[in-house]
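The sequence and model are shown first.

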Amino acid sequence: MTAEPALQTPEEKVSYLAAGHSVRSWLLTTDHKRIAILYLISITGFFFIAGIAAALIRLDLLTPQGDLLTNEGYDRAFTLHGIVMVWFFLIPSIPNTFGNFLIPLMIGAKDVAFPRLNLLSWYIYVLGGLFTVYVLIVGGVDTGWTFYTPLSTMFANGHVIAVAIAVFIVGFSSILTGLNFIVTIHKLRAPGMTWGRLPLFIWSHYATSLILVLATPVLAVTLVLLASERLFHLGIFDPALGGDPLLFQHLFWFYSHPAVYIMILPAMGVISELVSAAAHKRVFGYWFIACASLAIAAVGFLVWGHHMFVAGQSIYASAIFSFLSLVVAVPSAIKVYNWTATLYKGDIRIDPPLLFAMAFIGLFTIGGLTGLMLALLAIDVHVHDTYFVVAHFHYIMVGGAVSAFFGALHFWWPKITGRMYSLIWGRISAGLIFFGFNLTFFPQFILGYLGMPRRYHVYPPQFQTLNVLSSAGASLLAAAYVLPFFYLVYALRNGAPAGPNPWNAAGLEWTTPSPPPKHNFETTPEVDRPAYDYPLAKRSADG
Amino acid sequence: MAEHVTLTEPYVEPRQQRQADFMGMYVFLGTETMLFGGIFALVFAYRTLHPDAVAEAARHMRLWIATANTALLLTSSLFVALAVHAARRGGRRAVAGWLGLAIAFGAAFLALKGVEYWKDYTEGLMPLIGPHASVRDGPAALFIDLYFVATGLHAIHMTVGLTLLGTIATLVGGRRKGVPSQAVVVEMGGLYWHFVDVVWVFIYPLFYLARG
């Protein structure tokens, strides 16, 4: 395997990485840590595929004429970008790699509750991924990632059925992971690891898992209905056959809005860990952050109608959905304030994980505040389906979730591999990602407010300057995303041994050797302290 | 029975493993509930929008077949419950026997369902194929299509359930799964079967009894 380091230190020789070197020992493993690595490699592959589609989009938008791609080619590029990024990168990114790796370690367990189901979920993910690759090879699909009817059922020329099957299959991978996490967190906590002592990373993954198991089946049934209309001409969504096209939007967003919280909640869990470890201070307002995760998961199920303000939905329904969408901002804001308050008077080390966390907080706040604007009925009518919306959700998903993913990668890389990477390069890439991201997406807020619609590649010449700025930012961002790949892989062989706790952080995962042994802990740990029990020196003084 | 249970990774005690198995199954059934829930929500919404058309379409459904099927399915669930009881007491042959009966009743359900689909076809209720009944011209068509999606999805679950019960009966009957030490296998299969049964308990009133 390419991810395998040279096993030299004593810790590495007895670690999970040393438990078998054959390809078979990786592909048939039930060790949650190895499955996390399998996920990390495969989602990185899909991140690059979707990234290439994004690069094509931004290249085409350099000029107002749209001379790189045909109309249809452009539609296929942004559809592929959306589908792969949402279902094959963002949704599995943090839960299936870091959640898989860390949840048993953080709660003091040997593995997840159902190790074989965990491996099965990876194979299901790969099977869904193969369908996506097939669609890619035979020419793609042009419906947008939302598959809106009647476009997807009656007019689209692409391989709608194949891509619906891909998304349907990958959904079961999500369901199995969510199921596994819920049972693991309930039943496998070490003695003394009460609910009130769980790290906030666990709380946010618990909330995410609830959404995964409750919302994903609704997407599955929606895709079944979509496929049966396209294949058997069942009149579910087509008015000519007695159906109703709006039903599709209701069903789709009932899943897909909670899916946004599937992407952002694990990221929030990561930030809680990163901020607290960088400040060496107990998280401010532990229960507020924990309950905010659950509140976001619960209220997130009741806001789907804000995608349909201009779709002919009743004005009373719209007013209620608008109100509920504003309500979701409250628990999100609680988290942002509490992270900031955690840093206050902390013993702060400006390491790469903190820089990524800072990037997250800033970008997430901008994304969240523009989300409030979009939740207001009047503003939404003005900017609906414009680049304002595109910029808003990229601030949440890329500025938020992807920054947190990179933050997690930089924070737990020494734990996962046992080696420290170059902190200088880590700081540089965090800075480049923050700058490149803003240069890419801030101009899009202005473009959208001025009226440039999304999903068109021909635009009036007066929008060119802002589009060129955005494309320049995108190339910077692409370089910044590739950069960590080099120094992290370099560190696998050449990095200094990290030791069990390179950041002086609290948490059970930092009490095991780096990389952890196959069974995580020599003896099952007994927990008698709350999470984030800083300062750590007190721990040894107390004995 | 707990002391007989074979422990697997990552559990440290039998009770913990048993609780985790049950919880995992219940969470899975929760996801299944949401799968059918999406369709049921559509039916409710459509019934509110078009009460008359839905009532008219429901009058085309074959109530007597559905009623007989309800009786068959509920009885098969009783047999599964008896199989679980037998598994806990270690009655290997009784488990296989009760499960065999449950499978027979489940298969009879599917056979009757097939007869019903045939009658739907000849009457012209099916989309795309066969003759075309006049009731399919109005808004009732969506209700009828949802009936095919819901009962079809349920029939797929029935088939999975029958395969599952058959496998468990073979494994327990052939001593490859011991009872009561691995009775949890019978209990898990039983929970799934009861769930499929409960889904039908919702399908029956939603599509067949909503004639008023």
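## Chain B: elements and extent

Chain B contains 6 helices and 0 strands, where helices (H or I, at least four residues) and strands (E, at least two) are DSSP runs numbered from the N terminus. Read from the N terminus, its elements follow the order α-α-α-α-α-α. The C-alpha trace of chain B spans about 65 × 30 × 30 Å along its principal axes. Of its 212 residues, 49% count as buried; buried means under 20% relative accessible area, exposed over 50%, and partly exposed in between, with a 1.4 Å probe and protein chains only.

The model is predicted: local features need pLDDT of at least 70, side-chain atom pairs count only at pLDDT 80 or more, and totals for chains, interfaces and linings use all residues. Residues are numbered from 1 along each chain as its sequence is written, chains are lettered from A and ligands numbered from 1 in the order in which they are written, and side-chain values use heavy atoms, with hydrogens and water left out.

## Helix packing in chain B

Two packed helices are described by the angle between their axes and the distance between the axes. Here axes are lines fitted to C-alpha atoms, for helices over the stretch in contact, and angles run from 0 to 180 degrees between N-to-C directions. Helix H4 (residues 92-123) of chain B packs with helix H5 (residues 140-173) of chain B at an angle of about 155°, their axes being 9 Å apart. H4(B) is therefore roughly antiparallel to H5(B); angles under 35 degrees count as roughly parallel, over 145 as roughly antiparallel, 65 to 115 as roughly perpendicular and the rest as oblique. The crossing of H4(B) with H5(B) is left-handed, a term for a near helix turned anticlockwise from the far one by less than a right angle, right-handed being the clockwise case.

For H4(B) and helix H6 (residues 183-209) of chain B, the axes come within 13 Å and cross at roughly 25°. These two helices are therefore roughly parallel to each other, and their crossing is left-handed.

## Nonpolar patch on chain A

Ile52(A), Leu56(A), Leu59(A), Leu62(A), Leu68(A) and Val468(A) form a nonpolar surface patch of about 490 Å². Patches consist of residues with over 30% relative accessible area and no salt bridge, with like charges joined within 9 Å and nonpolar side chains (Val, Leu, Ile, Met, Phe, Trp, Tyr) within 5 Å. Accessible areas come from the Shrake-Rupley method with a 1.4 Å probe, and for residues only the protein chains shown count as cover. A salt bridge is a side-chain nitrogen of Lys or Arg within 4 Å of a carboxyl oxygen of Asp or Glu.

Helix H3 (residues 32-60) of chain A gives the most to this patch, with 3 residues. Leu62(A) is placed in the loop between H3 and helix H4 (71-107) of chain A, and counts as partly exposed at 32% relative accessibility.

## Backbone exceptions

Most residues other than glycine have a negative phi, and most peptide bonds are trans. The bond from Thr149(A) to Pro150(A) is cis, with omega near 0°; Pro150(A) is in the loop between helix H5 (115-138) and helix H6 (151-155) of chain A. The bond from Val179(B) to Pro180(B) is also cis, with omega near 5°, and Pro180(B) is in the loop between H5 and H6 of chain B.

Asp385(A), which is not a glycine, has a positive phi near 55°. Asp385(A) occupies the loop between helix H13 (377-383) and helix H14 (387-417) of chain A and is partly exposed, with a relative accessible area of 41%. Arg455(A) likewise has a positive phi, of about 70°. Arg455(A) lies between helix H15 (423-450) and helix H16 (464-494) of chain A, in the loop, and is partly exposed at a relative accessible area of 28%.
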